[in-house]
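Student: Hi! I'm new to this one, please walk me through it.
Tutor: Happy to, here it is.
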Amino acid sequence: MIEIRNLNKIFGVNPVLRSLDLDVARGEFLALFGPNGSGKSTLLRILAALARPTSGTVRIGGWELPAEAAHVRAQLGVVSHLPLLYETLTAEENLLFFARLYDLPVAERADRVRAMLDRVGLARRAGDVVRTFSRGMQQRLAIARAILHDPAILLLDEPYTGLDQDAAALLDELLREVALAGRTAVMTTHDLRRGHQLASRIAILSRGKIAYDASTDAVSSEALPTLYADVTGAVTNR
Amino acid sequence: MTSTREQSRTDIHADTPVETQAEVPPQVTPAAPRVRKRRRPVTAYWRVVGTIAWKDLRAEMRSRELINSMALFTAMVVMVFSLALELDAQARRSVVTGVLWVAIVFAGMLGLSRSLAAEKDRGSLDALLLAPIDRSALFFGKVIGNLLFVLVVAAVLLVLLTIMFDMALMKPLLLLVVLLGSVGFTTVGTLLASMSVHARARETLLPILLLPVVLPLLLSAIRASSAILEDLPTVEWRSNLELLVIADVIFLVGAYALFDFVVEE
């Protein structure tokens, strides 16, 4: 589903990604760990066609980036640590706006938006402007926006940032549903335990390269912090 | 080889492993029907332009952040000029177009900078860039939204100047010049605001980038406006009006070609 070969990204004179190779199979949920500055977010932005690789090839669903970016974008849903929503529009207006951009059939739009709001538990707040929402509610709406067009691939960039325990638990539940629905997902996170619980595969990015890559069955949740520290040279107490 | 690749492209939604589907509990099966695969990955161009412009207007109607600050700024400019310069009728006639365009440009820059900065800070600019739409449609949608804000400010300005300077400014030809000047200014302003929005010092960067580029357009607009207000013959303002049209076309085509490069990292 996702094929990355010899990917390099250089900002100015600073190499952020260095000869990175990665494959993500269909239906796989990859948790991508790594210290700050290791290139996790840059990698996700390249996959989302928001940034251009300096060199190397990236193919998603057979489409090559950046040349066929419009085709790729139609298959992607992105959840970031920012909600990517309009605060002065209501929850319903936000989703309807994105439904129009993603060209969902006119006859299905309203029903689809209502179903999504219901699914993330925001049906009662459909008519409220987003700025009145808590961070957790905004993030739930962000997930509804990301899966509104039924994307085959989800990219999740630190989706738990700023969430309290309850909101994070709700997000866990939604992401499990997403994974069970057969979507391919790539999630960057600093939360090793949570990433291990949700994903079917884990990878550790260090200094712009994949330094560790294995199924979640290959390493226990308890052993992961030590492994992470060994691979990245970082000290962690998670 | 090619057929394998084409097959993989078309199967993007039909890839759920059988065993994974079997694990789906009834309560987590999506309630809504899956969206049908569409033949066109890119939405109809002008519908997208309209959708983005309408979203900007709707959001602004609710918050009134841009319009209020732009209108207040223009009111202040007119007040300062009218009180600071105690002018006779002839002197007022000679400075009014300068005041008009200086106020439009500076209020416009205020609006352009905040319009794009708000999108960037909330991350919604990324959400727009993630949509499978032609990015020039996104650009023109933003231009139309910004243009409407600038025209509202220009309308307020014309009314205020008419009252404070005691002059008849509501002339069709002058309104045409204001429209043409605003189109060019907003087009290049939206492009440069999209570029400067990533910089830390974006509020100061935008005027530094924008003013030299729009200077020829601004001079033509001021000259044409002055000639029209003084009821000079057509030959006195026609060339400036033509220059405005040419500048608009150049800015629109240039921005259309460049926007994709400006927004991509």
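Student: In E5(A), which residue is the bridge partner of Arg59(A)?
Tutor: The bridge partner of Arg59(A) in E5(A) is Glu64(A). Before we go on, this is a predicted model, in which local features need pLDDT of at least 70 and side-chain atom pairs count only at pLDDT 80 or more, while totals for chains, interfaces and linings use all residues. Residues are numbered from 1 along each chain as its sequence is written, and chains are lettered from A and ligands numbered from 1 in the order in which they are written.

Student: And what do the labels E and H stand for?
Tutor: Strands (E, at least two residues) and helices (H or I, at least four) are DSSP runs, numbered from the N terminus.

Student: How many bridges join E4(A) to E5(A)?
Tutor: Three, and strand E4 (residues 55–60) of chain A runs antiparallel to E5(A). Two strands pair if DSSP finds at least two bridges between them.

Student: Which sheet is that in?
Tutor: An open sheet of four strands, in the order E2-E1-E4-E5 (chain A), with antiparallel pairing. At its edges are strand E2 (14–24) and strand E5 (63–65) of chain A, each pairing on one side only. On average, neighbouring strands of this sheet are turned by 25° against each other, direction ignored. For such angles, axes are lines fitted to C-alpha atoms, for helices over the stretch in contact, and angles run from 0 to 180 degrees between N-to-C directions.

Student: What about the six-strand sheet, what is its order?
Tutor: The order is E6-E7-E8-E3-E9-E10 (chain A), in an open sheet with mixed pairing. Strand E6 (76–79) and E10 of chain A stand at the edges with a single partner strand each, so one side of each has no neighbour in the sheet. The twist averages 15° from one strand to the next.

Student: New topic! Is Leu95(A) buried or exposed?
Tutor: Leu95(A) is buried, because 26 other C-beta atoms lie within 10 Å. The cut-offs are 20 or more other C-beta atoms within 10 Å for buried, 12 or fewer for exposed, and partly exposed in between, with C-beta atoms placed from the backbone. Leu95(A) is found in helix H3 (residues 91–101) of chain A.

Student: Which residues is Leu95(A) in contact with?
Tutor: Leaving aside neighbours within four places in sequence, its contacts include Val113(A), Met116(A) and Ala144(A). Contact means that the C-beta atoms, placed from the backbone, lie within 7 Å.

Student: What angle do H3(A) and H3(B) cross at?
Tutor: Roughly 165°, and the axes of H3(A) and helix H3 (residues 45–63) of chain B come within 9 Å. The two are therefore roughly antiparallel (over 145 degrees; under 35 is roughly parallel, 65 to 115 roughly perpendicular and the rest oblique). Among the residues making the contact are Phe97(A) and Arg100(A) of H3(A), and Thr51(B) and Lys55(B) of H3(B).

Student: How many helices and strands does chain B have?
Tutor: Ten helices and zero strands. Of the 265 residues in chain B, buried ones make up 39%. One of the buried residues is Leu192(B), with 25 other C-beta atoms within 10 Å, found in helix H8 (residues 172–196) of chain B. Leaving aside neighbours within four places in sequence, Leu192(B) is in contact with Leu206(B), Leu209(B) and Leu210(B).

Student: Last one: how far does H7(B) reach from its first C-alpha to its last?
Tutor: Helix H7 (residues 135–164) of chain B, with 30 residues, reaches 43 Å, close to the 44 Å expected at 1.5 Å a residue. That expected span is 1.5 Å times one less than the number of residues. H7(B) is followed by Asp166(B), whose phi is positive, near 55°.

Conventions: Contact = placed C-beta atoms within 7 Å.
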